[in-house]
Amino acid sequence: MSDFDAWDPGGPPPDFAERVARRALAERRRHRARRRAIAAASIAAASCALVAGWWVARVDDRGERIATGRIDMAIGRDAAVELDLGAHIEWDVRRDAMVVTQRSGGASYRVRSGARTPLRVTAAGAIVTATGGAKLRVVVRDPAPRADGEGDAMIGRGKIVGATAFAVAAAWIAVIEGRATITRGGSALDVGAGEGAVVDDDGARRVVAVDSMESAEARFATGADPEKPEWPSRDPAVREALRARILAALQGPALPPGSPVAAPPITAAPADASDFEPSYIRDRVHEDFMPLGEKCYVDALASHPTLHGKIIVHFKIVGDEKVGGIVDEASIDEKSTLKDAALAECIRQSMMTVSFKPPPRGGWSTVTYPFVFSPDADGGEDDE
Amino acid sequence: MIAFAMDGACPPARTDAAKELPRDVLVRCVAGDVDAFRDFVARYERPVYALLGRMLGGGADVEDLAQEVFLRAFRALPAFDVDGGARPSTWLLTIATRLALDVRKRRRPPLAAMDRAARDVAADAADPEATSFRAELGRAIARAADELPDEQRAAWILAEFHDLTTQEIARILDVPEATAKTRVFRAREKMRARLAHLRGDGT
């Protein structure tokens, strides 16, 4: 024993071990209770997160939207849609497909490359199916009567339809990238990039637009034949509006209305006439000009029954890809052998009514077209 | 005339395994058995209490700290490696020493010293008859030890009263072994000098 042991610090109380053991036990119980509380809270939090996640996913995967402006939104994880103002869709992302029902308006769909399920859009009774990488546009023409009187205005122009705006629901489908399959009534139509189709009560049919898909869609939306540009000859106001749109699209200077010989837009550049296939020009002239030209000649024959000869018409086609093409200038060549001023002016004016697709490379294109008039036979040949 | 066993760097390492808790009880402690833990406390309460008492100079807070030491041990026991070679006693003294050093750091030494001096005087005045030579010796040692720097005091107490080796002291104080050895040596030198008047040799 060391003398340092004289320094006695004292010892623990007799029940020290028991008190410490009791405290340890109480601490363990508190600890276990706390752990249970934390576990319960964690489970509750996880449950809340699960419910919230389910709710968010549910909102994303199913819903309905009427666009109050241009809206870009996702449809599940693999598709997106840009809605035009007023477009109305319902969507439901299912295991086997992203299902959309488009009630009205226009919508541009995109399907992500590598999408696991296809996009299936139901519009006007048809089902449009597109797979990964596809881009397509769907426009539904509602059969409901129009409140804005647009239908009546079209009736006034002698354009289409019946007592109300549109007799039947119809949809315009344009495939921008990839492919889409349109099924309706047991038949299927496969549409590729750059192609369009119309679906109505008669089924689905492919549309070959003479100008652009945008123009075809615009014609479809107003009830016109999407394949053929409007014939504005019977409505000068419509023709002027179209002309203004073309010029605006070409960013050219404003021209005075009704100026058939106005200068072409400054920013436009002349296109080679060979941009157009001769057969295309001939077809368009036969289709759009000939009925009017014949009428001009028949009217002229009433005054001069032996009137005959050649009238050479020079005309200039201007256009924009998004709007279409029109004849902006038309003139009668002095070498024409048929010298009747009234007939020549009628022919010139009639030529001004013909619509074409815009010059493929933009700008304008000039065409020279001779017509041979004879009381015994009609016809003409192009001489571009 | 008294003689303090202050020669030599450190006492030999204590290897008496019998003083440790039986292995099976320790295993039950690690498993969370409260009854075994009670035995664990009963086995080690005296050295822990003594260490804290000497480090802190006694007082009511020693019991609180002793309980805190064992509760910390109780929380840490599930991670104790029964076969890892560490002695439970050394492990407990490590916890107690670090806790005591922490408390001393927070204390204001001058006041603590004054309190103890006042208690000593009061004790003497209250029961002068009880004042024995051994009690006086104990107080003298306590006063001398109280003047040691905390780290030297801890090293010296562990060496002198708990028979720990320099290596064990170094591990408890988390310092190199040489540092622990130096601290023990310097503490002994100081204690020798401060208690010289009790040795009667004037050295």
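Over all chains, the structure, which is a predicted model, holds one disulfide. The bond joins C296(A) to C346(A), with an S to S distance of 1.8 Å. The torsion about the S-S bond of C296(A) and C346(A) is about -65°, and the disulfide is therefore left-handed. C296(A) belongs to helix α5 of chain A, which covers residues 278-303, while C346(A) belongs to helix α6 of chain A, which covers residues 341-351; the pair therefore ties together parts that lie 50 residues apart in sequence.

C346(A), in contrast, has a relative accessible area of 29% and is partly exposed. C48(A) reaches a relative accessible area of 52% and, because exposed means over 50%, counts as exposed. In chain B, C29(B) is buried, with a relative accessibility of 2%.

Attention then turned to an arginine of chain B. R104(B) lies in helix α4 of that chain, which spans residues 88-106. The relative accessible area of R104(B) is 10%, so this residue is buried. The side chain of R104(B) makes a polar contact of 2.7 Å with the side chain of D150(B). D150(B) is also among the residues in contact with R104(B) when neighbours within four places in sequence are left aside; the others are M55(B), L56(B), D146(B) and R153(B).

Confidence was considered for chain B and for the model as a whole. The average pLDDT of chain B is 80, and 75% of the residues score at least 70. Another is residues 110-115, for which the model has one contact beyond four places in sequence. Where pLDDT is low, the predicted coordinates should not be read in detail. For the model as a whole, the scores are ipTM 0.76 and pTM 0.43.

Methods: Residues are numbered from 1 along each chain as its sequence is written. Chains are lettered from A and ligands numbered from 1 in the order in which they are written. Side-chain values use heavy atoms; hydrogens and water are left out. Helices (H or I, at least four residues) and strands (E, at least two) are DSSP runs, numbered from the N terminus. Buried means under 20% relative accessible area, exposed over 50%, partly exposed in between (1.4 Å probe, protein chains only). A polar contact is a pair of N or O atoms within 3.5 Å; within protein, one must be able to donate a hydrogen and the other to accept it, and residues adjacent in sequence count only if both atoms are side-chain atoms. Contact means heavy atoms within 4.5 Å. A disulfide is a pair of cysteine sulfur atoms within 2.5 Å. pLDDT is the predictor's confidence in each residue, from 0 to 100.
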